[in-house]
Amino acid sequence: MAEVDPQLLDKIQAATRAAWHAADAVQAYAEQIAAGASAASGGAIDPFIFRLAIFALAVIVGYYVVWAVTPALHTPLMSVTNAISSVIVVGALLSSGIDPSSGNDSGIAHVFGFLALTLASVNIFGGFLVTERMLSMFKKKG
Amino acid sequence: MLNGNIAALLYLVSGILFILALRGLSSPETARQGNWFGVIGMGIAAATTFFYQLPWGFSSFLWVLLAVAIGGSIGVWRARTIEMTAMPQLVALFHALIGLAAVFVAASALYAPQGFGLGVRNEIHGSTLFEMSLGAAIGAITFTGSVIAFLKLDGRMTGNPILLANRHAINIGLGILLAVSIFAFVPTAAHLVFWLIVLVSFALGVLLIVPIGGADMPVVISMLNSYSGWAAAAIGFTLVNLALIITGALVGSSGAILSYVMCRGMNRSFISVMLGGFGGETAVPAGTREAETRPVKQGSAEGAAKILLAAKKVIVVPGYGMAVAQAQHVVGVMADILKSKGVDVKYAIHPVAGRMPGHMNVLLAEANVPYDEVFELTDINPEFPDADVAFVIGANDITNPAAKTDSSSPIYGMPILDVEHAKDVLFVKRGMGTGYAGVENELFFRPNTTMLFGDAKKMVDAIVKAMG
């Protein structure tokens with residue numbers, strides 16, 4: 001068996017011990033942070049985190065799905081992403097549902113809702129229809 | 001009145017349908033089905049919101065009908081009548097509408113938060129206010145930026161870069177002002193500050209796009225596509241709506257990827273495109289450039305017809321000039337004649353040919369060119385050495401070998417279509433002018449190149465006639 005320098009062994013032991021302590025400290029910090037976050041949100045995970053998670057995952061899904069789109073269809077891709085962006089109609093419908101006579105600035109809010117709904121409707125109908133028009137032109141040989 | 005949890009699940013379903021809509025575009029065969037997934041997803045999202053809001057007041061309901069009727073008919077009308085060559089303008093305008101809608105929704109939520117379940121007036125949660133102001137800011141930038149892009153694409157505004165003095169300083173100043181106003185808005189929810197944010201963002205949108213030249217529009221339009229997505233996502237966070245968050249993320253990453261693809265197609269960095277000043281509509285009059293006196297071989301339509309008919313394999317390289325001249329149909333007719341005589345005809349598409357990603361493919365599809373005859377740069381380049389004729393119509397820079405050989409050229413490093421390897425090269429061009437990059441194309445002076453000067457449509461018409 002090869003001779004091992006006892007000093008080296010000592011050094012390794014010391015380093016291992018230091019790493020062990022560091023890991024302990026990290027764990028303690030992590031627990032403290034988690035406890036703090038949990039206290040701040042009343043013991044539960046803030047719902048914002050869930051929204052953020054969905055958003056982050058959707059970005060990643062979007063990344064892979066869009067790279068899979070054939071370059072020949074990049075224009076329809078743009079028009080269809082445009083069409084689906086008009087799902088902002090959800091917000092427009094909510095503001096259109098506000099009773100304009102319920103005081104404060106509800107009248108103004110209602111007007112903004114009407115305008116947003118009109119704009120979103122242009123996109124919903126125009127976006128999907130023009131995409132369909134383009135896609136219907138793509139034909140195979142023969 | 002729909003249960004809130006069920007509504008949230010339905011929004012999730014519509015978000016998943018939108019993912020499937022994009023998934024469908026991976027092949028022309030599944031693309032139309034994908035579009036229907038999108039329509040269904042939109043229907044679910046709208047219906048869910050509508051039923052969630054029950055009972056509707058009668059007058060509110062009438063207002064909704066009116067808005068959908070007005071917006072819907074404008075949308076249907078534009079979608080039916082738009083020329084395929086004008087698709088970039090239409091898409092730019094659609095981006096603008098999304099941006100403005102985001103501003104309006106944010107404003108509405110600020111003025112009447114109770115309608116969105118965001119608490120009562122003046123007591124909106126700080127994080128909600130932050131998301132709201134972000135949505136309004138990105139939406140406002142998208143709006144004015146897209147309007148400028150529309151004006152440039154539609155030729156209502158010069159396609160040349162408009163360079164203000166100190167524009168970078170102005171932009172940085174506005175950016176700082178925007179950040180400061182957002183931080184002032186979050187703790188106070190002051191309506192005045194909200195409108196300041198919108199105003200500053202409007203100005204930023206204009207100033208960001210004005211210095212960018214016409215040839216860089218494919219990047220700009222992709223970037224604005226991305227912005228409209230991020231605006232929608234920010235509104236989604238504000239309203240805690242899954243469909244909006246998912247869609248915003250999808251659209252945001254889609255636009256970002258397209259911007260990247262376009263930049264790579266030009267070998268330019270995104271930053272350099274955004275700094276602007278490059279690629280006007282007309283050739284840059286380079287004072288230092290020596291006047292070009294070398295002779296070129298000029299051909300006639302009859303001669304071109306002869307060369308084409310004698311060929312076994314022809315590769316057509318279309319560019320923006322074909323779109324401007326509306327020559328795609330007659331190019332399709334010419335290809336049909338050649339095919340009927342047993343000539344193998346293929347099309348080569350450069351990633352940045354046209355004014356938006358994939359624009360040439362749509363124009364060729366419109367001219368009844370089967371999509372399996374149309375090839376991307378990397379797939380077609382190895383075929384040029386076997387081609388008898390490369391028929392270049394309305395394209396210039398994307399064929400210029402200087403991109404490979406001349407490290408001092410502004411287009412150096414840009415991937416090009418190797419038309420120089422074809423036995424004969426026919427260039428249909430309006431004149432000897434340089435391309436957007438303002439560089440001379442060495443190919444024009446080669447012995448196997450024939451220049452066909454004239455309007456693309458008239459020239460190809462004449463070639464078709466000469467073919468008999």
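**A pocket and the interface of chains A and B**

In this predicted model, the lining of the second largest pocket comprises 16 nonpolar, 10 polar and one charged residues when sorted by class. The volume of this second largest pocket is about 480 Å³, and among the 27 residues that line the pocket, those closest to its centre are A:L94, B:Y52, B:Q53, B:G115 and B:F116. At least two lining residues come from each of four helices, namely α4 (89-96) of chain A and α1 (4-24), α2 (28-52) and α3 (58-81) of chain B. The most is given by α1(B), which supplies four residues to the lining of the second largest pocket.

Turning to the interface, 80 residues of chain A are in contact with 103 residues of chain B. The size of an interface is often given as the accessible area lost when the parts come together. Between chain A and chain B, the buried area is about 8,300 Å², and 78% of this area is given by carbon and sulfur atoms.

Two salt bridges are found by the rule across the interface of chain A and chain B, and a salt bridge joins the side chains of B:E29 and A:K140, with an N to O distance of 3.3 Å. The rule also finds 16 residue pairs in polar contact across this interface, with both residues of a pair at pLDDT 80 or more. On the side of chain A that touches chain B, two or more residues are given by each of α2 (47-67), α3 (74-85), α4 and α5 (106-135) of chain A, and α5(A) gives the most, with 27 residues. By class, the residues on this side of chain A divide into 49 nonpolar, 24 polar and seven charged.

Methods
Residues numbered from 1 in each chain as written. Chains lettered and ligands numbered in written order. Predicted model: local features only at pLDDT ≥ 70, side-chain atom pairs only at ≥ 80, totals over all residues. Heavy atoms only, no water. 1 Å grid on protein atoms, 1.4 Å probe; cavity = no way out; pocket = protein on both sides within 12 Å on 5 of 7 lines; lining within 4 Å. Points joined across faces, edges and corners; volume = space filled by probe spheres on them. Nonpolar A, V, L, I, M, F, W, Y, C, P; charged D, E, K, R; others polar. Contact = heavy atoms within 4.5 Å. Buried area = accessible area lost by both parts, 1.4 Å probe. Salt bridge = Lys/Arg side-chain N within 4 Å of Asp/Glu carboxyl O. Polar contact = N/O pair within 3.5 Å; in protein donor to acceptor, adjacent residues only side chain to side chain.
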